[in-house]
Amino acid sequence: MAKKTIQRFLPDHNKIKQQKSLKIFGRLLHDANLWHLNRRSARGAFSVGLFFAFIPVPFQMVLAAAFAIPFRVNLPLSVALVWLTNPLTMPPIFYCSYLVGVFALGQETQPFHFEASWEWLSQSLSTIGPAFIVGSLICASIASVIGYFGIDYLWRRSVNRAWSSRRS
């Protein structure tokens, strides 16, 4: 059931291969293992996708694709999971990452007010930046591990249920 549910939401691999933004990977996209959906590829894709979802950089999808290829995990799933952090979820997730970083570094929270300017960005990198980056890396690692073992558990459970329903 888990495989059928995931495959319902995945796009056609031929359409993905034709995307202009993924042309930089060339013939690497023709590896069949990047498109097959099995327990190994799904748990690896969850790990890669969730890791880059918590990293505050532009082009997270390209980074997820770049790491999915050498790890030979499901490419569409790892790229799709990056959208966990979308414009609606990004502020609370990144604020929680900042709080985790503050706790990990033993600092006090710094008051800040967002402004869309280069001056604010450069000032924030020196004040809240270290805690935010450390917190993002910690949250990314934890989400990656939870995603890896969580999807592995759910996949095994789904297979066991299917086998027990076949027996009865």
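Is tyrosine 95 buried, partly exposed or exposed, and what relative accessibility places it there? In this predicted model, tyrosine 95 has a relative accessibility of 42% and therefore counts as partly exposed, since that class lies between the cut-offs of 20% and 50%.

Helix 6 has 16 residues, which at 1.5 Å a residue should span 22 Å, and because its end C-alpha atoms are 22 Å apart, the expectation agrees with the model. Just after helix 6, glycine 106 takes a positive phi of about 70 degrees.

A search of the whole structure finds six aromatic pairs, and two of them are set out here.

| Pair | Distance of centres | Angle of planes | Kind |
|---|---|---|---|
| Phenylalanine 52 and phenylalanine 67 | 5.0 Å | 45 degrees | tilted |
| Tyrosine 95 and tyrosine 98 | 6.2 Å | 35 degrees | tilted |

The phenylalanine pair links distant parts of the chain, with phenylalanine 52 in helix 3 and phenylalanine 67 in helix 4, 15 residues apart. Phenylalanine 52 counts as buried at 9% relative accessibility, whereas phenylalanine 67 is partly exposed at 37%. Ring pairs also join these two with Phe51 and Phe71 into a cluster.

Another ring, that of tryptophan 163, has the charged end of arginine 166 sitting over it, 5.0 Å from its centre.

Key: Residues numbered from 1 in each chain as written. Predicted model: local features only at pLDDT ≥ 70, side-chain atom pairs only at ≥ 80, totals over all residues. Heavy atoms only, no water. Helix = DSSP H or I, 4+ residues; strand = E, 2+ residues; numbered from the N terminus. Expected span 1.5 Å × (residues − 1). Phe/Tyr/Trp six-rings, centres within 6.5 Å; stacked < 30°, edge-to-face > 60°. Buried < 20%, exposed > 50% of the residue type's maximum accessible area, 1.4 Å probe, protein only. Lys NZ or Arg CZ within 6 Å of the ring centre and 35° of its normal.
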